[in-house]
Amino acid sequence: LRLCRALPKVELHAHLNGCVRPSTLLELAEECSRRGLLSLSDFQAAVIVKEDRSMEECFQLFGLIHLLTTDHCILTRITKEVIEDFAAENVVYLELRTTPKRNEAVGMTKRSYVEAVLAGIKAASTELSLDSYFDHKEDNIECPSQRYQRKANPQIHVRLLLSIDRRETLEAAMETVHLAWEMRDLGVVGVDLSGNPCIGDWETFLPALKWARQHGLPITLHCGEVPNPREVEAMLAFQPERVGHACFLESPDLSTLLANRIPVEICLTSNLLTNSVQRVRDHHFGALYNANHPVVLCTDDPGVFSISLSYEYALVSTHFGLSSLELLHLSRNAIEFTFAEDRLKQMLQSFFDGAKYAAE
Ligand code: 5GP
């Protein structure tokens with residue numbers, strides 16, 4: 001695990017409210033309980049104590065978490081903390097996602113929700129980016145020890161995806177994709193479709209997803225989290241830029257995925273804990289990796305599942321026998337599948353290549 005923690009990593013599938021520190025949730029729950037808004041003991045039973053949850057229970061838990069993360073200041077705080085936690089894990093590029101929510105009680109619109117999240121990203125970047133490794137290329141050549149130091153503290157680059165929740169209306173989804181486009185110069189780089197896969201029909205959101213595509217926004221879809229061959233077939237025919245999970249893909253959908261080389265965001269522990277996959281060694285990561293299909297290891301909801309991205313790399317190393325160099329390649333390859341601008345991708349690739357020489 002120590003080696004996996006030191007490895008520079010790329011996280012492409014992390015839901016903001018699924019990443020909140022348990023200590024912060026508890027603090028917020030205590031505050032809400034003091035104000036008589038919820039029962040602390042119920043909250044503790046659901047969030048802190050229970051570790052093996054079904055998928056339905058996970059979505060109920062998100063309902064509880066959402067009760068706590070309702071105002072702008074809290075959103076800014078949790079975003080900043082989430083970024084600090086990923087940075088401490090040596091994540092050098094984080095693509096965080098969240099569903100913009102309205103909350104009339106505190107004057108929150110979808111736009112002000114995203115602004116609060118962006119404020120958290122800005123606050124974290126200001127504090128964490130000591131010196132940019134890439135701004136000091138010449139120093140690095142002249143002073144290798146300084147270079148090593150900077151590599152030990154790489155800057156984390158954060159971009160945001162706006163999620164459509166399957167419980168939403170098409171109108172709400174349209175508002176989200178319009179916001180994503182309007183905020184594309186502020187760090188929003190794409191659109192996601194998520195939420196309880198047993199609710200709603202993804203085709204409801206097709207006009208919003210098509211609008212996003214027409215306006216150049218890349219799209220990732222939660223696909224095949226539960227058995228639903230009709231939906232999986234239609235989602236793959238849409239050719240999203242990436243898909244998340246992809247647990248229940250049978251032939252011919254699997255062949256379509258492979259033929260189109262659609263990158264898969266692998267959420268191994270999440271799939272195990274929500275019973276989409278029974279054992280690590282049965283996880284489709286193995287087959288996709290061996291078929292040389294584009295895959296990227298991700299956490300999904302590290303706060304909810306009490307995991308880290310380093311833990312996911314360690315899991316893959318233990319159960320699928322990847323060497324440290326193979327883990328580094330796996331992580332580096334993910335850069336290509338990010339929705340980041342080309343310049344940042346190139347910078348990250350150079351950074352990884354430096355790390356590769358150090359590892360060899
Ligand atoms: P938020 O968008 O509120 O920041 O993050 C929590 C939300 O992300 C949940 O309410 C749900 O819509 C989505 N989410 C988190 N984990 C999962 C998952 O494993 N599968 C799906 N389909 N959606 C998820």
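Where does aspartate 300 lie? Aspartate 300 is placed in the loop between strand E8 (295-297) and helix H15 (302-305). This is a predicted model, in which local features need pLDDT of at least 70, side-chain atom pairs count only at pLDDT 80 or more, and totals for chains, interfaces and linings use all residues. Residues are numbered from 1 along each chain as its sequence is written. Helices (H or I, at least four residues) and strands (E, at least two) are DSSP runs, numbered from the N terminus.

- Nine of the nine residues of strand E3 (residues 157-165) are buried, so E3 is largely enclosed by the rest of the structure. A residue is buried if 20 or more other C-beta atoms lie within 10 Å of its own, exposed if 12 or fewer, and partly exposed in between, with C-beta atoms placed from the backbone.
- Both faces of E3 are covered: one side carries the buried residues His157, Arg159, Leu161, Ser163 and Asp165, and the other carries Val158, Leu160, Leu162 and Ile164, also buried.
- Strand E2 (residues 91-98) pairs with E3 in the parallel sense over six bridges; two strands pair if DSSP finds at least two bridges between them. Threonine 98 stands opposite leucine 162 in E3.
- E3 also pairs with strand E4 (residues 188-194), in the parallel sense and over six bridges. Here leucine 162 stands opposite valine 191 in E4.
- A right-handed β-α-β unit is made by E3, helix H9 (residues 170-182) and E4. A crossover is right-handed if, with the strands pointing away from the viewer, the path from the first strand over the helix to the second runs clockwise.

**Helix H2**

- Helix H2 (residues 22-34) has 13 residues and reaches 18 Å from its first C-alpha to its last, close to the 18 Å expected at 1.5 Å a residue. The expected span is 1.5 Å times one less than the number of residues in the helix.
- Leu25, Leu28 and Ala29 are the buried residues of H2. Seen down the axis of H2, these buried residues fall within an arc of 105 degrees, so they line one face of the helix; the arc is that of the directions from the helix axis to the C-beta atoms.
- On the other side of H2, the residues Ser23, Glu27 and Arg34 are exposed.

**Backbone features in loops**

- Most residues other than glycine have a negative phi, and most peptide bonds are trans.
- Aspartate 300 is not a glycine, yet has a positive phi of about 75 degrees. With 28 C-beta neighbours inside 10 Å, aspartate 300 counts as buried.
- Serine 306, also not a glycine, has a positive phi of about 50 degrees. Serine 306 is found in the loop between H15 and helix H16 (309-320), and is exposed, with 12 other C-beta atoms within 10 Å.
- Serine 251 and proline 252 are joined by a cis peptide bond, with omega about 5 degrees. Proline 252 has its place in the loop between strand E6 (242-245) and helix H12 (253-260).

**Proline 229**

- Proline 229 belongs to helix H11 (residues 229-238) and is partly exposed, with 13 other C-beta atoms within 10 Å.
- Not counting residues up to four places away in sequence, proline 229 touches Glu250 and Asp253; two residues are in contact if their C-beta atoms, placed from the backbone, lie within 7 Å.
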